[in-house]
Amino acid sequence: MIDYHNILERINQTVSKEKDKGKIASYIPELANVDINNFGVHLHLVSGKEYAIGNSEQKFSIQSISKVFSLALAMSHIDTAIWERLDVEPSGNPFNHLSLLELENGIPRNPFINSGAIVIADILVSKLKNPKSDFLDYVREITGDNSIDYNYKVAQSEKETGYTNYAAANLLKSFNNLNNDVDVVLDFYFHQCSLEMSCSQLTKAFYLFANQGECLARKSRLTKSQAKRINAIMLTCGFYDEAGEFAFEVGLPGKSGVGGGIVALLPNEFVISVWSPGLNERGNSKLGMQALEQFTTLANQSIF
Ligand code: DON
C-alpha cells in the first residue's frame, strides 16, 4: 500500500524550505494580487480516496487549465472535424507565440497554445446556445459543484491588456480560421480562462480524463477514445515549451495555468492538483512542478 498521506507531508516539508518560489504572473494585472506563499495539493484516487495538504480548498484563477475543459466540450460536439482547423503537435514555443501561426497558414499547432484555444473557443461560440453559461454549466456538471464561477474582474483585466491574444485572433481571422467576430470569441475565451477553482475541485473535474471518459457522477461525458486523445495532447502539449521537461521529471499527462495551478493524472489510478502561484520562466508553477516530480518519484507511479 502506498502511504500517500506521508508522501504529501514530505512534499509540504520540502516546499516550505524553498526560498525561491518563482514569480507571480502580472501581465494580467488582476492576477498580481495573489499571495505567493499559497501552496495546496489535492489527490483523488480513481478508487475514491482523497488526500490533501495546504490551501487545497482555496479557489484560484485556473487560466489555461480551462483549455482542457473547452477541448473536451468541443470534442463532444464535433469530434474529428476539429482536426481540420488545428494540429496535435507540440509547439516547442511559448503559449502566446505568434510567428509559427503565420508560417503554418493559420493552423495552430495544438489546442493548448493560445491560438489553438481561441479556435476551440470559436467552435464553442458557434455550437453553444448561450456559450458562457453553457460552458460554466458543463464545468459545474463534470465537477459536481455548482459553486464554480467566473471571476469577472479577471476576465475584464485580461480584455483590457490581452493585445497578443487580439493579435492571434486577428491572424486566425485573416487565414479564415475564425468564424465568429474576434471580440465575441475573445470575450468567451477571457471568461473561460477566468474560472476560479480549488485544487480539490480541479481533481474532481479531471476525474473523467483518468476514468476513461466517465465523470465522478458516473455519467459518460467522453468516449474512451476521446479521453485517450485528450490525455495524449496533455502529455505532449500541456506545458508548452516545457512539455518535454514535465514528461522527463514527472511522467504524467497534465495541464498548467499562469494562475500557478497544475493538474496531472495517471489513467485509471489518480488525479492530482497542485497550486503555488509563483511561476518559472516558462510560465509554469515553479514549486508545483517540483512537488509533482517528488510525488511521482516517492509514489513510484507514472505512465513510464
Ligand atoms: O491567454 C492567456 O494568456 C491567459 N488567459 C492564459 C495563459 C496561460 O495560463 C498559460 N499557461 N501556463
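**Group meeting: a walk around the ligand and beyond**

Okay, let's start at the ligand: 14 residues surround it, and the closest are Tyr-27, Gln-63, Ser-64, Glu-158 and Tyr-189. To count as near, a residue needs one of its heavy atoms within 4 Å of the molecule. Before I go on, this is a predicted model, where local features need pLDDT of at least 70 and side-chain atom pairs count only at pLDDT 80 or more, while totals for chains, interfaces and linings use all residues. Residues are numbered from 1 along each chain as its sequence is written, and side-chain values use heavy atoms, with hydrogens and water left out.

So what classes of residue make up the shell around the ligand? There are six nonpolar, seven polar and one charged. For the record, Ala, Val, Leu, Ile, Met, Phe, Trp, Tyr, Cys and Pro count as nonpolar, Asp, Glu, Lys and Arg as charged, and the others, Gly among them, as polar.

Now the individual atoms. Asn-165 has a side-chain N or O atom 2.9 Å from an oxygen atom of the ligand. Asn-114 puts a polar side-chain atom 3.1 Å from a ligand oxygen atom. With Gly-283 it's the backbone: one of its N or O atoms lies 3.3 Å from a nitrogen atom of the ligand. And how much of the ligand does the protein cover? It covers 99% of the 340 Å² of accessible area that the ligand has on its own, by the Shrake-Rupley method with a 1.4 Å probe; for residues, only the protein chains shown count as cover.

Ser-61 lies in strand 3, residues 60-61, and at 8% relative accessibility Ser-61 is buried. Buried is under 20% relative accessible area, exposed is over 50%, and partly exposed is in between (1.4 Å probe, protein chains only).

Tyr-189 takes us to helix 8. Helices (H or I, at least four residues) and strands (E, at least two) are DSSP runs, numbered from the N terminus. Ten of the twelve residues in helix 8 are buried, including Tyr-189, Phe-188 and Cys-193.

Cys-199 is buried at 0%, and Cys-237 is buried at 1%.

Arg-218, in the loop between helix 10 and helix 11, has a phi near 70°, a positive value in a residue other than glycine. Tyr-240, in the loop between helix 11 and helix 12, also has a positive phi, near 55°. Buried or exposed, then? Arg-218 is exposed at 52%, and Tyr-240 is buried at 5%.

How values were computed
A polar contact is a pair of N or O atoms within 3.5 Å; within protein, one must be able to donate a hydrogen and the other to accept it, and residues adjacent in sequence count only if both atoms are side-chain atoms.
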